[in-house]
Amino acid sequence: MDYIKGNYRKSIYRSDSGYVIGLFKLRDTNIESMKDYINKTITFTGFFHDLNEDDTYIFYGQEVDHPRYGLQFQVNSYDRVKPDDIDGIIEFLASDLFPGIGRKLAQNIVDTLGENTLDRILEEKECLMLVPKLTLNKANKIYEVLSKYEESHKVIVYLSELGFNMKDALSIYNFYKKETISKLENNIYGIIDDISGISFTKIDEIGLKQNIKIDDERRIKACIIYNMEKLTYNNGDTYLNKSEIVKITSNYLNFELDSDLFDDLIYELVMEQKVVLDQDKYYLKDIYDAENRIVDKVCKLVKKGSSNDKRIVSCLKKIEKYNDIVYNDKQKEAIVKSLLNNIVIITGGPGTGKTTIIKAITSLYQDLNDLDYEALVGKLALLAPTGRAAKRMSESTLLPATTIHRFLKWNKDSNSFAVNEYNKSDCKLVIIDEVSMIDINLMDSLFKGLNDDIKVVLVGDYNQLPSVGPG
């Protein structure tokens, strides 16, 4: 296995998920082409729980020639090398990792406990009380820091040996901390519920290697959820029927799933609030909830009642005259209804004037509310699922337009939106183009971020691309 050995120097970039771009002082390597860099600093990338400047590491991975940044070492896994000589242990204990332990006290500790100092402390912290002038408080702090330091590394190694990559190992450890090993030994499939981004197939592969029986009910329940997700996304449906779930789950398990057992396990999944059974329809709970929240939002907007601004017709005539355009009856109806009602759907094939209508709605809204350009931009949101569609809207209206994800301030690392039910947008009019491409989860997230005193115009075309996700 290719490796480099040396000292971490500093991080240039670190994401919330633990991805690091950093600098590394190379001391040793078995890669012939990298031996010229010994005693030099190189760039590395990879996922890490923590990195300490005073520690020595062995990074396992491969040399990469980045087209822009040049030589880098891409780390797949790593080991932290504990100091094993007296000078190294003194340096370690005197480092910033142990606040309040200076070099003199570190020297005293090593003089008293010998070259196995670190192992002795971990095995029996009371041995620290043999060190002259070391207070109980500092002894406890040394043990606590060293235990935590050792624990994180031990667990990461354990997860790597099971078969998790470094990114997944970090996600698991950061969630469970010191309970990681016991949690996985109790029910490895629990990871699916607690941590997003780690696939059922990966966990199942590891679980079976750990002697989980193929008919273990925990495995079958996790498999049912996995296959419901698969069907939901492949078919674009928000609900499923029993026969298709049983069939795909049986195929995956490679044995016939008994109908009565399926009913029992579905009941458990319903009780665990992972599945909703509505008559003979089977929903994933999050999809069911999203669908109902969307319905509730639409109902609120419809029931609010329409406004009755008698200036609309005369203002629309002014816009026609100013732009030297005459809207047909259907276009006028769409423009007027968009300003009178709280939610409107405008649909039509290519060339029917949807873009023209959007431009007219924004102009009419500006005139009716007597807004200058800056005030209009503050109250209006022009949105689309894709950057290309947003750019097209902006070019036609001469107003800013953006993707829905950017409007909602999506955080890629946490897959969450900063604009949400707790931090809603101040916009009063939202026009969304290419609505056919919006799946149920994105529409739910968008509606969560909008207040109830808003007008929503949904623009689309039956022939446009469907959403990738369900709904």
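How many disulfides does a search of the whole structure find? It finds zero, where a disulfide is a pair of cysteine sulfur atoms within 2.5 Å. Two of the cysteines are worth a word. Cysteine 427 is buried, with a relative accessible area of 8%, whereas cysteine 299 is partly exposed at 34%. Buried stands for under 20% relative accessible area, exposed for over 50%, and partly exposed for what lies in between, with a 1.4 Å probe and protein chains only.

Before I go on, some ground rules. This is a predicted model, in which local features need pLDDT of at least 70 and side-chain atom pairs count only at pLDDT 80 or more, while totals for chains, interfaces and linings use all residues. Residues are numbered from 1 along each chain as its sequence is written, and side-chain values use heavy atoms, with hydrogens and water left out. Helices (H or I, at least four residues) and strands (E, at least two) are DSSP runs, numbered from the N terminus.

Strand E1, residues 3–14, and strand E2, residues 19–29, run antiparallel and are joined by nine bridges. Strands count as paired if DSSP finds at least two bridges between them. Serine 11 has glycine 22 in E2 as its bridge partner. Four residues lie between the strands of this hairpin, and glycine 18 there takes a positive phi near 100°. E2 also pairs with strand E3, residues 41–47, in the antiparallel sense over seven bridges. Here lysine 25 has threonine 41 in E3 as its bridge partner.

Next is phenylalanine 48, in the loop between E3 and strand E4 (56–66). Is this residue buried or exposed? Phenylalanine 48 counts as buried, at 1% relative accessibility. Leaving out residues up to four places away in sequence, phenylalanine 48 touches Arg14, Gly18, Val20, Phe59, Val75, Tyr78 and Leu170; contact is heavy atoms within 4.5 Å.

Now helix H13, residues 312–323. Its twelve residues should span 16 Å at 1.5 Å a residue, and the end C-alpha atoms are 16 Å apart, which agrees. The expected span is 1.5 Å times one less than the number of residues. Ile312, Cys315, Leu316, Ile319 and Glu320 are buried in H13. They cover an arc of only 145° around the axis, so they sit on the same side of H13; the arc is that of the directions from the helix axis to the C-beta atoms. Lys317, Lys318, Lys321 and Tyr322 are exposed on the other side. The buried residues pack against helix H14 (329–340) and helix H15 (354–368). Just after H13, aspartate 324 has a positive phi of about 55°.

There is also an open sheet of five strands, in the order E8-E14-E13-E9-E10, with parallel pairing. Strand E8 (343–347) and strand E10 (401–403) are the edge strands, each pairing on one side only. Within this sheet, strand E9 (residues 380–384) and strand E13 (residues 429–432) are joined by four bridges, and leucine 380 stands opposite leucine 429 in E13.

Last, helix H17, residues 387–397. Its buried residues are Ala389, Ala390, Met393, Ser396 and Thr397. Their arc around the axis is only 130°, which puts them on the same side of H17. What covers these buried residues includes H15, E9, E10 and E13. The face turned away from the buried side carries the exposed residues Arg388, Lys391 and Glu395. Leucine 398 follows H17, with a positive phi near 60°.
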